[in-house]
Amino acid sequence: MTQLASSNTHSKLVGYLLWIFGFTGAHRFYFGKPVTGTIWFFTFGLLGIGWLIDLFLIPSMDRQADMRFHAGPTDYTLAWVLLTFLGVFGLHRMYMGKWFTGLIYLLTGGLFLIGVLYDFWTLNDQISLKHARRGLFSQ
């Protein structure tokens, strides 16, 4: 019997902190659910109903993210905190070693917020791809 190994790539605590702003979908983006994160953003958490339901769904979303994404030297939680609160300055990109685009974000307000939105959609995958390129995990 093969057992799936999961790593603790995401934090329930950070998920709950982002849930406080959940009507923006921040916690859903963090746990790798960009489509529903975008829906939450434009509907204010499904008019608050979905936001309240997510209070109970966060442990499940955390487990799913831990199974889907793989740990490595770039910490998902730190990258997400930098993106969420300082994304327009590009600090999350600099943290991931993307200095050139980090400087561009710094000078353009996160590419006029379009780059920040792109990173909300793709940050988890960017980090996973970085870990895969370093050969830190095998399938």
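Biologist: What is the order of the elements of the chain from the N terminus on?

Modeller: In this predicted model, the elements run α-α-α-α-α-α-α-α from the N terminus on, and the secondary structure comes to eight helices and zero strands.

Biologist: Why is His-10 called buried?

Modeller: A residue is called buried when its relative accessible area is under 20%. His-10, which is placed in the segment before H1, has a relative accessibility of 1%, and therefore counts as buried. Of the 139 residues in the chain, 41% are buried.

Biologist: What makes the approach of His-10 to Asn-124 a polar contact?

Modeller: A polar contact requires a pair of N or O atoms within 3.5 Å, one able to donate a hydrogen and the other to accept it. The side chains of His-10 and Asn-124 make such a contact at 2.9 Å, and the side chain of His-10 also reaches the backbone oxygen of Tyr-30 at 3.1 Å. Leaving aside residues up to four places away in sequence, His-10 touches several residues, among them Asp-62, Asp-66, Phe-69 and Tyr-76.

Biologist: Is Tyr-30 buried or exposed, and what is its relative accessible area?

Modeller: Tyr-30 lies in helix H2. Its relative accessible area is 0%, so Tyr-30 is buried by the criterion of under 20%. Beyond residues up to four places away in sequence, Tyr-30 touches residues including Val-14, Leu-18, Trp-80 and Asn-124. The C-alpha atoms of Tyr-30 and Gly-109, which are 79 residues apart along the chain, are separated by 21 Å.

Biologist: Which residues of helix H5 are buried, and what covers them?

Modeller: In H5, residues 76-86, the buried residues are Tyr-76, Thr-77, Ala-79, Trp-80, Leu-82 and Leu-83. What covers the buried residues of H5 includes helices H1 (12-20), H2 (26-30), H6 (91-95) and H8 (114-133). At the start of H5, a side-chain oxygen of Asp-75 reaches to within 3.3 Å of the backbone nitrogen of Thr-77.

Biologist: Why is Leu-46 called partly exposed, whereas Phe-112 is called exposed?

Modeller: The label "exposed" requires a relative accessible area over 50%, while "partly exposed" covers what lies between that cut-off and the one for buried residues. Leu-46 has a relative accessible area of 36% and is therefore partly exposed; Phe-112 has 65% and is therefore exposed. Leu-46 lies in helix H3, residues 34-47, and Phe-112 in helix H7, residues 99-112.

Biologist: What is the phi value of Leu-46, and what is that of Phe-112?

Modeller: Phi is near 50 degrees for Leu-46, a positive value in a residue other than glycine. For Phe-112, phi is near 60 degrees, likewise a positive value in a residue other than glycine.

Definitions and conventions. Residues numbered from 1 in each chain as written. Predicted model: local features only at pLDDT ≥ 70, side-chain atom pairs only at ≥ 80, totals over all residues. Heavy atoms only, no water. Helix = DSSP H or I, 4+ residues; strand = E, 2+ residues; numbered from the N terminus. Buried < 20%, exposed > 50% of the residue type's maximum accessible area, 1.4 Å probe, protein only. Contact = heavy atoms within 4.5 Å.
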